[in-house]
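Welcome! Please take a moment to look over the sequence and the 3D structure before reading on.

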Amino acid sequence: SMHEENPMLGLRGCRLGIVKPEFTRMQVEAIISAAADFMEQSPEAKPHPRIMIPLIGSISEYKNQANTLHSAGPTRLER
């Protein structure tokens, strides 16, 4: 169960992605998929999606989410 003792601290931003990495992967895959679809519809297009990692509080949180982001990978764009 995702319960917070102090709801003002909240389980959101990167912390939600740390607890549920599938959320981060799903969002990254959706962004990459949208960019790939755009490229298929407009071959001259060169989208440069930027993915922000929200509410980082420490280097370890950033590294965790960056690794998850890179593991979701731009495989569809590599084709």
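Which residues in α2 are buried? They are Thr24, Val28, Ile32, Ala35 and Ala36, where buried means under 20% relative accessible area, exposed over 50% and partly exposed in between (1.4 Å probe, protein chains only). This is a predicted model, in which local features need pLDDT of at least 70 and side-chain atom pairs count only at pLDDT 80 or more, while totals for chains, interfaces and linings use all residues. Residues are numbered from 1 along each chain as its sequence is written, and side-chain values use heavy atoms, leaving out hydrogens and water.

**Helix α2**

- Helix α2 covers residues 21–41, 21 residues in total; helices (H or I, at least four residues) are DSSP runs, numbered from the N terminus.
- From first C-alpha to last, α2 reaches 30 Å, close to the 30 Å expected at 1.5 Å a residue (1.5 Å times one less than the number of residues).

- The buried residues of α2 are Thr24, Val28, Ile32, Ala35 and Ala36.
- They lie on the same side of α2 because they cover an arc of only 100° around the axis, taken from the directions from the helix axis to the C-beta atoms.
- Met26, Gln27, Glu40 and Gln41 are exposed on the other side of α2.
- Among what covers the buried residues of α2 are α1 and α3.

**The salt bridge**

- Searching the whole structure turns up 1 salt bridge, meaning a side-chain nitrogen of Lys or Arg within 4 Å of a carboxyl oxygen of Asp or Glu.
- Arg15 and Glu61 form this salt bridge through their side chains, at 3.4 Å from N to O.
- Arg15 sits in helix α1 (residues 14–19) and Glu61 in helix α3 (residues 59–72), so the pair links distant parts of the chain, 46 residues apart.
- Arg15 is partly exposed at 29% relative accessible area, whereas Glu61 counts as buried at 14%.

Definitions and conventions. Helix = DSSP H or I, 4+ residues; strand = E, 2+ residues; numbered from the N terminus. Contact = heavy atoms within 4.5 Å.
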